[in-house]
Amino acid sequence: MPTLFEKIIAGDLPATVLYRDPRVVAFLDIRPAAPVHILIVPTKPIPTANDIADDDESLIGHMFIVARDLARQQGIAESGYRLVINCNAHGGQEVYHLHVHLLGGRPLGPMAARA
Ligand code: AMP
């Protein structure tokens, strides 16, 4: 079964795509948690951070370069932003296709609640 994000990458599910190249697609999160909430997704379907292969080093770096450029384009580079990758149940991962969340546009508060 293709993941939701594979369907978006294939154009079978609508999304507001802000950037696309052969390795990465970036689109708006459907339930934004901040004024800027963009998902940076590899076209290669890597399920979780645990599944990143040694050979993916340049792809993972590229995702962060794309995130940096999108932060600049969105005008949040100087005010600041957060890049998040959730992994598995304790990480709160909902979609099992690796993605970086780019969040910004307001003060985001503490990274995670302290128990
Ligand atoms: P995660 O919890 O890290 O797996 O994040 C998954 C993210 O995907 C959530 O922030 C969702 O709001 C977002 N999401 C789920 N379905 C869609 C969709 N069809 N288009 C855009 N974003 C989505």
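A pocket is here an open set of grid points, on a 1 Å grid over the protein atoms alone, with protein on both sides within 12 Å along at least five of seven lines, and its lining residues have an atom within 4 Å of a point. In this predicted model, 27 residues line the largest pocket, and those nearest its centre are Asp29, His37, Leu39, Glu94 and His101. Two or more lining residues come from each of the elements α1 (4-10), β2 (24-28), β3 (36-42), β4 (81-84) and β5 (100-104). The greatest contribution to this lining is that of α1, with three residues. By class, the lining comprises 16 nonpolar, six polar and five charged residues. The space within the largest pocket amounts to about 670 Å³.

The ligand is located in this largest pocket. The shell holds 16 residues, of which Asp29, Asn86, Glu94, His99 and His101 come nearest to the ligand. Its composition is eight nonpolar, five polar and three charged residues.

At Asp29, a polar side-chain atom lies 2.5 Å from an oxygen atom of the ligand. The backbone of Ile30 places a polar atom 3.1 Å from a nitrogen atom of the ligand, while a backbone N or O atom of Val95 is 2.9 Å from a ligand oxygen atom. Of the 510 Å² that the ligand exposes when taken alone, the protein buries 90%.

How values were computed: Residues numbered from 1 in each chain as written. Predicted model: local features only at pLDDT ≥ 70, side-chain atom pairs only at ≥ 80, totals over all residues. Heavy atoms only, no water. 1 Å grid on protein atoms, 1.4 Å probe; cavity = no way out; pocket = protein on both sides within 12 Å on 5 of 7 lines; lining within 4 Å. Points joined across faces, edges and corners; volume = space filled by probe spheres on them. Helix = DSSP H or I, 4+ residues; strand = E, 2+ residues; numbered from the N terminus. Nonpolar A, V, L, I, M, F, W, Y, C, P; charged D, E, K, R; others polar. Near = heavy atom within 4 Å. Polar contact = N/O pair within 3.5 Å; in protein donor to acceptor, adjacent residues only side chain to side chain. Areas by Shrake-Rupley, 256 points an atom, 1.4 Å probe, with all protein chains shown as cover. Sits in = over half its atoms within 2 Å of the grid points.
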